[in-house]
Number of protein chains: 2
Amino acid sequence: MGLTAKGRATRQRIIEGAAAYLRSDGPAGVTLDDIRAITGTSKGQIFHYFPDGKEELFLAVARHEAGRVLDDQQPHLGALTSWAAWDRWRDSVVARYRTQGRNCPLGALMSQVGSTPGAAEVISTLLNRWQFHVREGIEEMQEAGLVRPGVDPEKTAAAFIAGIQGGVQVLRSSGSSTHLEASLDTLLDYLKA
Amino acid sequence: MGLTAKGRATRQRIIEGAAAYLRSDGPAGVTLDDIRAITGTSKGQIFHYFPDGKEELFLAVARHEAGRVLDDQQPHLGALTSWAAWDRWRDSVVARYRTQGRNCPLGALMSQVGSTPGAAEVISTLLNRWQFHVREGIEEMQEAGLVRPGVDPEKTAAAFIAGIQGGVQVLRSSGSSTHLEASLDTLLDYLKA
DNA sequence: ACCACAGTGGACCGGGCGGTCCAGAAAGCC
DNA sequence: GGCTTTCTGGACCGCCCGGTCCACTGTGGT
């Protein structure tokens with residue numbers, strides 16, 4: 001029922017090993033056997049720690065990766081209180097996805113786990129949090145009088161999220177970050193206008 | 001070597017049957033057997049018309065679907081010469097993807113065929129054509145003096161493409177079209193400013 | 001009428017992979 | 001030190017699914 005310290009360590013090793021594997025290359029299909037080999041574990045252990053098998057494991061990895069997405073944008077994302085901060089944030093997003101290149105851990109995960117309710121929940125939680133920070137940033141800029149009042153913070157934040165998502169998607173299939181940058185720059189222009 | 005009329009008809013039936021199936025529901029995995037059953041054909045025929053098997057067939061279906069994407073936005077997309085036309089275009093995009101809902105034929109296809117060069121080419125061709133039309137529209141509006149000269153047509157068109165892609169992706173996983181609409185509306189605001 | 005080749009059906013194969021099972025090795029607990 | 005519970009290893013199973021093969025049936029050309 002409960003997990004010992006050793007058990008927790010192993011469980012964590014599996015998750016992080018799988019995450020690292022996903023980040024390294026983008027093999028269309030990741031199998032439990034791959035993960036087993038990479039983490040130096042056995043089938044028995046995988047099903048011991050993730051009784052519901054593949055889906056449960058992948059969801060755990062997805063949650064782990066979802067955390068990284070926002071962490072990688074900190075501290076900029078949490079304090080969008082000046083144009084300089086916005087620019088730094090923009091750069092960190094572009095840099096992050098440019099180094100990630102064609103390998104999108106979350107995307108790979110999602111395309112395998114399919115559209116289960118659990119997967120949708122992980123994605124929507126991430127996107128909500130992300131959008132929340134952007135919206136906060138816009139509101140603060142408005143309060144400081146740096147963004148004209150006509151801008152709808154919620155809607156514009158949603159546009160940012162969509163633009164980033166789409167930009168990353170194009171980056172994944174074409175290898176070029178132009179769309180991601182164009183999207184961010186255009187929306188920043190819109191805010192600054 | 002050559003195909004008779006009957007042969008061409010069967011080949012087409014396979015492609016269109018598969019496309020219709022993809023459009024109807026979004027079964028994470030589409031198998032050759034599914035397609036065989038739905039199109040009322042046999043394994044022999046599938047491999048007769050698509051010797052390279054699954055990948056060749058899926059790519060053919062993807063090309064077929066990619067054509068539809070732009071067709072569905074016509075005639076609006078081809079003549080973005082007034083604000084009314086832009087608004088109609090916006091509405092047609094939103095309507096199209098709202099009815100499509102969570103089932104993205106192209107997305108499903110791509111997640112299965114993986115990141116082969118062929119798949120990348122289909123996507124980038126589609127996106128290029130799409131972006132071309134948007135850019136043309138912006139340029140025409142600029143020439144007519146309806147959009148301020150400061151706007152970079154290429155970059156803004158790229159932002160539109162990214163925004164739409166991202167909006168559709170959010171729609172696919174959340175079922176809501178708010179992000180797609182927010183993205184289009186914000187960018188339209190940007191143009192009109 | 002014949003023949004070559006396109007079209008069709010479906011049995012069959014083999015590998016991959018998620019999942020099961022159980023036996024044995026640690027590790028807590030009294 | 002014994003007992004229970006957790007942890008670990010890996011053999012094994014069974015299905016799914018892409019792909020092969022071959023025999024049969026049109027069909028069109030001369």
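1. DNA strand C is surrounded by 25 residues, the closest being A:Leu32, A:Gly53, B:Gly7, B:Ser42 and B:Gly44; a residue is near a strand if its C-beta atom, placed from the backbone, lies within 6 Å of it. The model is predicted: local features need pLDDT of at least 70, side-chain atom pairs count only at pLDDT 80 or more, and totals for chains, interfaces and linings use all residues. Residues are numbered from 1 along each chain as its sequence is written, while chains are lettered from A and ligands numbered from 1 in the order in which they are written.

2. Both chains contribute elements to the surface near DNA strand C. At least two residues each are supplied by α1 (5-24), α2 (32-39) and α3 (43-49) of chain A and by α1 (5-24) and α3 (43-49) of chain B. Helices (H or I, at least four residues) and strands (E, at least two) are DSSP runs, numbered from the N terminus. With four residues, α3(B) gives the most to this surface. Its residues comprise five nonpolar, 14 polar and six charged, where Ala, Val, Leu, Ile, Met, Phe, Trp, Tyr, Cys and Pro count as nonpolar, Asp, Glu, Lys and Arg as charged, and the others, Gly among them, as polar.

3. Around DNA strand D there are 23 residues, of which A:Gly7, A:Ser42, A:Gly44, B:Leu32 and B:Gly53 are the closest. The elements giving two or more residues to this surface are α1 and α3 of chain A, together with α2 (32-39) and α3 of chain B. Here α3(A) has the largest share, four residues. The surface near DNA strand D has four nonpolar, 14 polar and five charged residues.

4. As to overall architecture, chain A has nine helices and zero strands, in the sequence pattern α-α-α-α-α-α-α-α-α. Its C-alpha trace spans about 60 × 40 × 25 Å along the principal axes. Of the 193 residues of chain A, 36% count as buried; a residue is buried if 20 or more other C-beta atoms lie within 10 Å of its own, exposed if 12 or fewer, and partly exposed in between, with C-beta atoms placed from the backbone. Among the contacts in chain A with a separation of 6 or more, 58% join residues 24 or more positions apart; two residues are in contact if their C-beta atoms, placed from the backbone, lie within 7 Å.

5. The contact between the chains takes 36 residues from chain A and 35 residues from chain B. On the side of chain A that touches chain B, α7 (117-143), α8 (153-174) and α9 (178-192) each supply at least two residues. The largest share, 15 residues, comes from α8(A). By class, this side of chain A has 15 nonpolar, 17 polar and four charged residues.

6. Chain A superposes on chain B by a rotation of 180° with 0.0 Å of shift along its axis, at an RMSD of 0.1 Å. That is the relation of a two-fold axis. Copies are superposed by least squares on the C-alpha atoms of residues with pLDDT of at least 70 in both. Of the interface residues of chain A, 97% are also interface residues in chain B, so the copies meet through the same surface.

7. Axes are lines fitted to C-alpha atoms, for helices over the stretch in contact, and angles run from 0 to 180 degrees between N-to-C directions. A:Ala120, A:Ile123, A:Ser124 and A:Leu127 in α7(A) meet B:Val170, B:Ser173 and B:Ser174 in α8(B). This contact has four nonpolar, three polar and no charged residues.

8. For α8(A) and α7(B), the axes come within 9 Å and cross at roughly 135°, which makes α8(A) oblique to α7(B). A:Val170, A:Ser173 and A:Ser174 in α8(A) meet B:Ala120, B:Ile123, B:Ser124 and B:Leu127 in α7(B).

9. In helix α6 (residues 105-113) of chain B, the buried residues are B:Pro105, B:Ala108, B:Leu109, B:Met110, B:Ser111 and B:Val113. Their cover includes α6 (105-113) of chain A, together with α1, α4 (54-71) and α7 (117-143) of chain B. B:Gly114, which follows α6(B), has a positive phi, near 70°.

Methods
Parallel < 35°, antiparallel > 145°, perpendicular 65-115°, else oblique.
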